[in-house]
Amino acid sequence: MLWTGRMRLENFGILVMLFHASAACEFGPFPYSATGIVCRMTKPAALLLNQETAQVIQAAFRNANFPNITGEKSMRLLGKVAYGLTNIQVNDLSIEQSEVELREDNAIHITIKNVTAIFKGTLTYGYAGAWFLKFFHSVDFEIDSSIDLQINTELRCQKDKVAADASDCYLAFHKLTLHLQGDKEPGWLKQLFTDFISFTLKLVLKREVCKEINFLAQMLANFVQDLAENFVQDGDIKLDISLASAPLIKANYLESHHKGLVLYKNYSGAFSDSVFSPSLLTESRMLYFWLSEHILNSLALAAFLDKRLVLTIRGEKLQALFEAEDTEEQQKAVQMIFQGTSYNDSVAKVWSLSHPQISVQTEGTIVKSLVAVEVSIFPPGEDPKMVLYIEKETTVTIQAAYAEKKLILHPVDSRTEFKAFKCTADPNGNDPSLRNFLQTIISVVGIPEVISSIELTLTSLLNSKGLHLFDIKNPEIITREGYVIVQLDFSFPNHLLLGFLEERL
C-alpha cells in the first residue's frame with residue numbers, strides 16, 4: 001500500500017529534504033544559542049510541492065504490492081462461503097484536489113480529495129452446500145473507489161535527529177463498488193460480495209494504507225537526513241547537522257535549527273553564542289539558509305589542517321600571471337626571477353601558512369591569511385632550485401553568487417603586506433622595482449587566480465553532491481555582520497523523486 005505513502009513522499013519529502021525536524025529532544029534554556037545553521041521553508045514552497053502530488057501517487061500505485069484479501073461467511077442453505085481477492089492491481093488513478101497546510105501544532109496537514117482508482121484482480125470463491133456438494137469458481141473483478149485522505153504528520157526528534165510520525169491518518173470512502181466479470185454471476189452472489197467484501201476491503205485499505213504512510217514517512221526522513229549529511233561531508237571534513245533546538249512552525253513557514261559544528265578527525269568545533277533570530281529571515285522566497293560566521297571560520301580551519309589550501313601553477317597559467325603586463329619592468333623582473341628558464345620548466349606554489357580568519361560583514365566575506373609563494377625552476381640538466389620565496393599577509397573581501405549552476409566568487413577589495421622576501425637574483429633586496437612588480441601582479445592577477453581556483457574547486461564539490469540536479473531560481477547570497485543568508489526559489493526535482501521511488505520500491 002505504497003500509494004498514499006507516495007503522496008506523503010512528495011509533500012513531506014521535500015519539507016524534510018532540507019532536514020526539518022521537531023521537538024522531542026531536550027535542549028538548553030536558550031533556544032538559539034547553539035544554532036549554526038537554520039533552514040526555513042515557506043508556504044509557497046509547500047504549495048509548489050503539493051502540485052506534484054498526482055504524479056507521485058501514480059508512481060507509487062504502479063510500484064505498490066497490494067495484499068490478498070480472504071474471508072468467509074455462513075449462509076443459510078449454502079453453508080460457508082469462502083472468498084479470496086488476489087492479484088490486485090490499480091488502474092486509472094486520478095486526483096481531484098490536494099491541499100497542504102502548516103500548523104503551529106508541529107504538524108504538516110495534507111488533505112487529498114476524491115482520489116479515484118479502479119482496483120482489478122481475481123475473485124475466487126467456494127461453498128459447501130447442505131448435501132456436502134462443493135463448488136469453486138474464479139471470476140475477474142473491478143472495484144471502483146473514491147477516497148479522501150487526511151494525513152497529519154508530526155515531526156519529532158529522536159537522538160538529535162528527525163523522526164516523522166504519520167500515524168494520524170484517516171481515509172474516508174465516498175464510493176467502493178464491486179463489479180464482477182460481465183455482471184453475469186447470480187444476483188445473490190454479487191450482493192453478498194458487494195456488501196461483505198466491500199466492508200472488509202475498507203478495513204484493509206485503512207489499516208494498510210495508513211501503516212505504509214507511516215513507514216514511508218520515517219524511511220524518507222532517514223533517506224533525506226542521510227542525503228543531507230552526505231552533502232555536508234567531504235573526506236574527513238563534515239558538519240554536524242543534528243538539531244540544536246526545537247523547530248518553529250508557523251502558518252507561513254517551517255523552520256529548523258541545526259548545530260553546524262565542524263568535525264575533522266580528532267578536531268571538533270566549539271559552540272559559540274549564535275546571533276540568530278527568526279526575524280532575520282523573511283517569507284518572500286521559498287527557501288532560506290542561515291549560516292553562522294563561526295561555521296565558515298571552522299571550515300577554513302579544517303581545510304587548512306587537511307592541507308587543502310595549496311595551489312600549484314605552471315606552464316601557460318604561470319606565463320599568464322607573469323606576462324599580464326608587457327612592460328620593461330615586467331621583462332626585467334621575469335629575467336631576474338626565471339633566469340631564462342621556460343615557464344614549462346618552472347612551477348609556482350601558493351599555500352596558506354596559517355589558519356585563514358574569516359569574518360562576515362555587510363560588504364562581503366573577509367578572509368585574512370598569511371600566504372607563502374614559492375617559485376622554482378628546473379633547468380635542463382641541472383638540479384631544481386628555488387628562485388623566489390614570499391610571505392604576505394593578505395586580506396581579501398569577497399562577494400559570492402550562484403548562477404548557471406556555478407559558484408561565483410568576486411574579490412571586491414584586497415590588501416597585502418610583505419612579511420618575508422627572498423629572491424636569488426636580488427639576495428639583498430636592493431632592487432625595489434622587483435618587489436613593486438611582484439606586489440602588482442599579486443594584487444591584480446595572483447589573488448584573482450587563487451580565488452578562481454577556489455571557485456572551481458567549490459563548484460566541483462557542490463556538483464559532486466548533486467546540487468546541479470536542482471533547478472534553483474534567482475539565488476541570492478547575502479552577507480551581514482556575523483552571518484550569511486542564502487535565499488532562493490526552486491522547481492521540484494521530479495527526476496530525483498521518481499528515482500527514489502524506483503530504487504526503494
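1. In α7, the residues E329, Q330, K332, A333, M336 and I337 meet S433, L434, N436, F437 and L438 of α8. The model in which this contact is described is a predicted one.

2. The geometry of this pairing is as follows. Helix α7 spans residues 328-338 and helix α8 spans residues 432-464; they pack with their axes 10 Å apart, at an angle of about 100°. Because angles of 65 to 115 degrees count as roughly perpendicular, α7 is described as roughly perpendicular to α8.

3. Several residues of α7 are buried, namely Q330, A333, V334, M336, I337 and F338. The cover over the buried residues of α7 includes α8 and β18, together with α6 (315-322), β15 (346-352) and β17 (364-377). After α7 comes Q339, which has a positive phi, near 55°.

4. Strand β18, one of the elements covering α7, comprises residues 385-403 and contains K392. Leaving aside residues up to four places away in sequence, K392 touches S369, L370, V371, T416, E417, F418, K419, Q439 and I442.

5. Which side chain of opposite charge is nearest to K392? It is that of E417, 8.5 Å away. K392 is buried and has no salt bridge; the cut-off for such a bridge is 4 Å.

6. The side chain of K392 does have polar partners. Another, of 2.8 Å, joins the side chain of K392 to that of Q439.

Notes
Residues are numbered from 1 along each chain as its sequence is written. This is a predicted model: local features need pLDDT of at least 70, side-chain atom pairs count only at pLDDT 80 or more; totals for chains, interfaces and linings use all residues. Side-chain values use heavy atoms; hydrogens and water are left out. Helices (H or I, at least four residues) and strands (E, at least two) are DSSP runs, numbered from the N terminus. Buried means under 20% relative accessible area, exposed over 50%, partly exposed in between (1.4 Å probe, protein chains only). Lys and Arg count as positive and Asp and Glu as negative; His and the chain ends are not counted. A polar contact is a pair of N or O atoms within 3.5 Å; within protein, one must be able to donate a hydrogen and the other to accept it, and residues adjacent in sequence count only if both atoms are side-chain atoms. Contact means heavy atoms within 4.5 Å. Axes are lines fitted to C-alpha atoms, for helices over the stretch in contact, and angles run from 0 to 180 degrees between N-to-C directions. Angles under 35 degrees count as roughly parallel, over 145 as roughly antiparallel, 65 to 115 as roughly perpendicular and the rest as oblique.
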